[in-house]
Amino acid sequence: MPIINKTLEITTQPGINIHNITPQIQEFIDSTNIKNGQVLVFSRHTTTALAINENEVRLLEDVKVFLQKLAPETDKYLHNDLHLRDVPKDEPINAHSHLMSMMLTTSEVIPIVDGKLGLGIWQSVLFFELDGARKRTVFLQIYGE
């Protein structure tokens, strides 16, 4: 069975922003001959994350508020003591972003059935920028026949 790889690039905004990457993943599947198998979706950053959930504007705002309550940007974090660490000059104060990322996940494996993502009717693959603004990458790997 073949394995096919692709990297998605996502340009993000500052703070928490959520991107529906389902269409890009389906476009990748469509560009292959894979009809049945799996696609691995992997976020390649420590201040980003993934989730499968409903892509509904008000729910996504609720998620942002919920994450900010879990790891408020204004709390004191040891990771933010930049003067005690060997870091680049442009190192951001972002411990809260790392902690939020740990509450989500960095990868999802989704079935491919008859050439389509095997998601439920309300499910979308969501990419979370928790720090930003940056160019980010998501690694995709399809395995199947």
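**The sheet and its surroundings**

Author: Among contacts between residues at least 6 apart in sequence, 84% join residues at least 24 apart. Keep that in mind as we go through this predicted model.

Start with the list of parts. The chain has three helices and eight strands. From the N terminus on, they run β-β-α-β-β-α-α-β-β-β-β.

Five strands build an open sheet, in the order 1-8-3-5-6, and their pairing is antiparallel. Strand 1 (3-11) and strand 6 (116-117) are at the edges. Each has a single partner strand, so one side of each has no neighbour in the sheet.

Strand 6 pairs with strand 5 (residues 107-113) in the antiparallel sense, over two bridges. Ile112 has Leu117 of strand 6 as its bridge partner.

Move to strand 3 (residues 37-43), which holds Ser43. Is Ser43 buried or exposed? Ser43 has a relative accessible area of 2%. The cut-off for buried is under 20%, so Ser43 counts as buried. What does Ser43 touch, leaving aside neighbours within four places in sequence? Its contacts are Thr48, Ala49, Leu50, Thr106, Phe127 and Thr137.

Next, the nonpolar packing. In soluble globular proteins, nonpolar side chains tend to be buried together. Here the largest nonpolar core has 19 residues. Ile21, Ile25, Val39, Val41 and Val138 touch the most other members. Several elements give two or more residues to this core: strand 1, helix 1 (22-30), strand 3, strand 5, strand 7 (124-129) and strand 8 (135-144).

Take Val138 as an example. Not counting residues up to four places away in sequence, Val138 touches Lys6, Thr7, Leu8, Ile10, Ile21, Val41, Phe42 and Phe127.

In helix 3 (residues 95-103), the residues Ala95, His96, Ser97, Met100 and Ser101 are buried. The buried residues of helix 3 pack against strand 4 (48-53) and helix 2 (57-70). An α-helix has 3.6 residues a turn, so residues three or four places apart point the same way.

Finally, step back to the whole chain. Of its 145 residues, 39% are buried. The C-alpha trace spans about 50 × 35 × 20 Å along its principal axes. The chain exposes about 8,600 Å², and carbon and sulfur atoms supply 53% of it.

Technical notes. Residues are numbered from 1 along each chain as its sequence is written. This is a predicted model: local features need pLDDT of at least 70, side-chain atom pairs count only at pLDDT 80 or more; totals for chains, interfaces and linings use all residues. Side-chain values use heavy atoms; hydrogens and water are left out. Two strands pair if DSSP finds at least two bridges between them. Helices (H or I, at least four residues) and strands (E, at least two) are DSSP runs, numbered from the N terminus. Buried means under 20% relative accessible area, exposed over 50%, partly exposed in between (1.4 Å probe, protein chains only). Contact means heavy atoms within 4.5 Å. A nonpolar core is a set of buried Ala, Val, Leu, Ile, Met, Phe, Trp, Tyr and Cys residues joined through side-chain atoms within 4.5 Å. Accessible areas come from the Shrake-Rupley method with a 1.4 Å probe; for residues, only the protein chains shown count as cover.
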